Amino acid sequence: MKKSTSPGGAIQERLEAVFGLNGPLAGKIPEYRVRSQQVEMAERVAEAIRDNAVLVCEAGTGTGKTFAYLVPALLSAGKVIISSGTKTLQDQLYHRDLPTVRDALKVPVTTALLKGRANYVCHYHLERNLAESRTPGRGATADLQRIARFARVTRTGDKSELADVPEDAPAWGLATSTRENCLGQSCPKFRDCFVMAARREALAADLVVVNHHLFFADVVLKDEGMAELLPACNTVIFDEAHQLPETATLFFGETLSTGQLIELARDARAEALVGAKDMPDPLRLAAALDKAARDLRLAHSGENARFSAASANRRREFSDALAALDSALGSLCAALDPLAERSEGLARCADRAREAQAVLERWRDDSRAECVRWVEVFGQSLQLNATPLSVADVFRRQLDGHPRAWIFASATLALGGDFSHYQSEMGLDDARTACWDSPFDYAGHALLYVPKMLPDPNSDEHTRAVVAASLPVIRASGGRAFLLFTTLRAMRLAHELLREEFRRQALGLPLLIQGEGPRSELLERFRRLGNAVLVGAASFWEGVDVRGDALSLVVIDKLPFAPPDDPVLAARLQALEREGRNPFLEYQLPQAVISLKQGAGRLIRDENDRGVLVICDPRLFSKPYGRRILSSLPPMKLARGLDEALLFIAAAQKPPNERPAGAEGGYQSFSGRAG
């Protein structure tokens, strides 16, 4: 691990004053506490900004990493881009954390919030779709009218400000633009464009808050307008940086979906009806493309499945449908090209058709050894993906060039304090690194319970065994539990089993499951109920913050190793083998640890939180790598017997002055790190 040198004394003194008990943050934030880890992280960030260096840092839950990078960023007197993992965290950072720190420091820093174009109302598409009554049902029509009223009064056009229309409502697809169908400066509504207004504010601001998807879509791919931000900035800070490898993989690759093609066919038909009424071919060929795209989806049964290109092409139905799609797309390209001069809309459709055809041709080229070609099937659509084997070299080129500081921060980046896996993935071999444990008292407040006698995690009996092992601790805890599963199939089976057991045992605990409503609504219900049990999968493993008594138990079904038949993972493991490296130890194990630390991190979110983490995977003790995994978790007490877990829960539920001396003692311990 490469250590950074100590920052200058002036920086250290200034930051200690800011974070001190008599400093501006203490005067602004109720119940403020000085945390040495937070001050040290702020010093390392300030040093990296001063030196235009790359810093990779892990800060355990409760460190206060947001303030630790915001303070030096606001004091740096340079242009800063901060990228968060999700739009929810982006809004929280911009509307809550950033104003708090800026007001405390009293610095004259201008700020801007910038999201992807799909988050802003598009006047042109909204008005066109309203006029043409192109809405899928009465509900969508009412939503579109609400959006139209909102568009007349909003300053930003940000759809998150319109609570009356859910973020996933179909009407938003008709009221926003995409990179493909935006008319740019030729749009008749360009002067009133909310996207361009947001970008102008971002260009003028000292500090801009974006999210990872926008950063890669608009900076790396140099989308119109956004590419001016990066050359002008002095510092880039990535929060939730553990998400970057997956996001970078998505955007450094290429994707073509049947949904995109159906939308292209729809738009080409609409533009032809206006600008090429005398030409029947575009209408006929747009309909042919729509059919070909839908036929390609139907060539694969099922959903939520991934296949390598070679595997998909072995299916005659798929290869025939792919050839038919290629032909339909080529015919539409030929028909649209001569019409491009008639209108900007037709010209844009012609460009989109050519671009889609080029992507399809590249995907069908099986000689591209530098990328993995694969297919993903969803409920209503199918995607053709070409993913780079590694993003390290491509991302490294983004770091080179204009000198600037790059900060990568997360609660989960290292394996037992070792950052080599993350550095290798992102091309950050020469980065400075730093790691801080959580300031929370995990040893006193949390217990890791690993039940004995569990079946093999890959066996058919495992999910039933997880539910059986969980029921006694759920009952003792009075609900207040997350049950996190590595697959949707296991999640659904566990929900069915729990529902039956709750009925049979008359437990009377509310039982929630991922998917029965938006995540934000489910979390709000969970907090409000106070004794609920929530069964979830991937989306509840991270970015979920439930503090206090509502959550005291987190059950994880098994170590979250990625499925070995995933086409991208399989190709990367084969590449490591060809290099003579150990794919499991160098890739699969670190990935699983980072995911596990995210899931485990749901338990203790506040210094007063207490709870039990249950991991139902015998490999923690039966496999040689189990100790490495344990050493990456927070330093909790360790129990193997149910009685020990129930004793801990009973003691934790009593007021502090009623807890019997030694009631929480007598457990095994292990050397862990906070994550």
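Author: On a 1 Å grid over the protein atoms alone, a pocket is an open set of points with protein on both sides within 12 Å along at least five of seven lines, a cavity is a set where a 1.4 Å probe fits but cannot get out, and lining residues have an atom within 4 Å of a point. Points join across faces, edges and corners, and volume is the space filled by probe spheres set on them. This is a predicted model, where local features need pLDDT of at least 70, side-chain atom pairs count only at 80 or more, and totals for chains, interfaces and linings use all residues. Residues are numbered from 1 along each chain as its sequence is written, and side-chain values use heavy atoms, without hydrogens or water.

Reader: What volume does the second largest pocket have?

Author: Look for S424, E425, L576, R581 and Y587, the closest to its centre of 24 lining residues. Helices (DSSP runs of H or I, at least four residues, numbered from the N terminus) such as α24 (567-578) and α25 (583-600) each supply at least two lining residues. The volume of this pocket is about 560 Å³.

Reader: Which helix gives the largest share of the lining of the largest cavity?

Author: This cavity, of about 210 Å³, is lined by 18 residues, with C122, S177, C182, C187 and C193 nearest its centre. Both α6 (123-131) and α9 (194-204) give two or more. The largest share, three residues, comes from α6.

Reader: And which helix gives the most to the lining of the second largest cavity?

Author: About 60 Å³ of space lies there, and the lining includes Y124, D267 and R348. Two or more residues come from each of α6, α13 (258-275) and α17 (344-364). With four residues, the one giving the most is α17.
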